[in-house]
Amino acid sequence: MPSFDIVSKPDMPSLNNAIDGVQREINTRYDFKGSQSQVEISENLITIIADDELKRKQVEELLNTHVTRQKVDAKFLSFGKIEPSSGNTIRQFVEVNAGVSKENAQKIVKFIKTLKNKLQVQIQGDELRVSGKKRDELQSTISYLKEKFDYLALQYINFRN
């Protein structure tokens with residue numbers, strides 16, 4: 001029976017390369033000379049430290065640019081609130097979203113059921129498996145999901161016959 005998986009997994013090595021590129025650019029740019037601005041990553045959390053709001057905004061733009069250059073979807077990043085930090089700086093945490101959340105998985109299942117196709121959807125942890133009898137139904141479902149959930153960073157993998 002044909003099936004495919006819906007997952008949301010960022011390419012972590014490319015993301016680490018993007019963070020390294022941002023830090024390199026911060027170290028070489030003239031407008032960051034003498035500033036304490038930096039970007040660090042630890043597992044699924046990126047920390048932005050900047051002197052003021054203007055520099056933090058510039059670092060955020062650099063991060064989005066470098067992530068996009070590395071062909072990682074910027075939708076994986078969710079920027080948290082800005083908080084004061086030690087040394088008269090500000091800090092912002094950026095979470096790297098991996099996996100389809102339970103709420104989004106339920107939305108996707110509900111949407112697939114409204115399509116009235118004869119498809120079965122199973123939630124398997126942080127991914128979904130969609131299976132059905134016809135390949136064409138699965139392919140059309142993928143295109144509908146891409147349109148409907150364009151705000152999520154989803155990948156459609158393991159398409160099997």
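**A walk through the model**

Mentor: Let us begin with K71, which is found in the loop between α2 and β4 (77-85), where helices (H or I, at least four residues) and strands (E, at least two) are DSSP runs numbered from the N terminus. This is a predicted model, in which local features need pLDDT of at least 70 and side-chain atom pairs count only at pLDDT 80 or more, while totals for chains, interfaces and linings use all residues. Residues are numbered from 1 along each chain as its sequence is written, and side-chain values use heavy atoms, with hydrogens and water left out.

Trainee: Is K71 buried or exposed?

Mentor: K71 counts as exposed because its relative accessibility is 78%; buried means under 20% relative accessible area, exposed over 50%, and partly exposed in between (1.4 Å probe, protein chains only).

Trainee: And how far apart are K71 and S14?

Mentor: Along the sequence K71 and S14 are 57 residues apart, and in space they are 7.8 Å apart, C-alpha to C-alpha.

Trainee: Where does S14 lie, then?

Mentor: S14 lies in helix α1 (residues 12-28), and S14 is buried because its relative accessible area is 12%. Its side chain makes a polar contact with the side chain of D11 at 2.6 Å; such a contact is a pair of N or O atoms within 3.5 Å, where within protein one must be able to donate a hydrogen and the other to accept it, and residues adjacent in sequence count only if both atoms are side-chain atoms. Leaving aside neighbours within four places in sequence, S14 is in contact (heavy atoms within 4.5 Å) with Q70 and V72.

Trainee: At what angle do α1 and α2 pack?

Mentor: Helix α1 and helix α2 (residues 53-69) pack at an angle of about 135°, with their axes 9 Å apart. That makes α1 oblique to α2, since angles under 35 degrees count as roughly parallel, over 145 as roughly antiparallel, 65 to 115 as roughly perpendicular and the rest as oblique. Axes here are lines fitted to C-alpha atoms, for helices over the stretch in contact, and angles run from 0 to 180 degrees between N-to-C directions.

Trainee: Which residues meet there?

Mentor: From α1 there are L15, A18, I19, G21, V22, E25 and I26, and they meet V59, L62, L63, H66 and V67 in α2. By class, that contact of α1 with α2 has 9 nonpolar, 2 polar and 1 charged residues, where Ala, Val, Leu, Ile, Met, Phe, Trp, Tyr, Cys and Pro count as nonpolar, Asp, Glu, Lys and Arg as charged, and the others, Gly among them, as polar.

Trainee: Switching topic, how do α3 and α4 cross?

Mentor: The axes of helix α3 (residues 102-114) and helix α4 (residues 135-148) come within 11 Å and cross at roughly 130°. The contact is made by I108, F111 and I112 of α3 together with T141, Y144, L145 and K148 of α4, and these residues divide into 5 nonpolar, 1 polar and 1 charged.

Trainee: What about the backbone, say phi of N88?

Mentor: Phi of N88 is near 60°, a positive value in a residue other than glycine, and N88 sits in the loop between β4 and β5 (89-96). N158, which is found in strand β8 (residues 155-160), has a phi near 55°, again positive in a residue other than glycine.

Trainee: Last one: what is M1 in contact with?

Mentor: Leaving aside neighbours within four places in sequence, M1 is in contact with Q120, S131, G132, K133 and N161.
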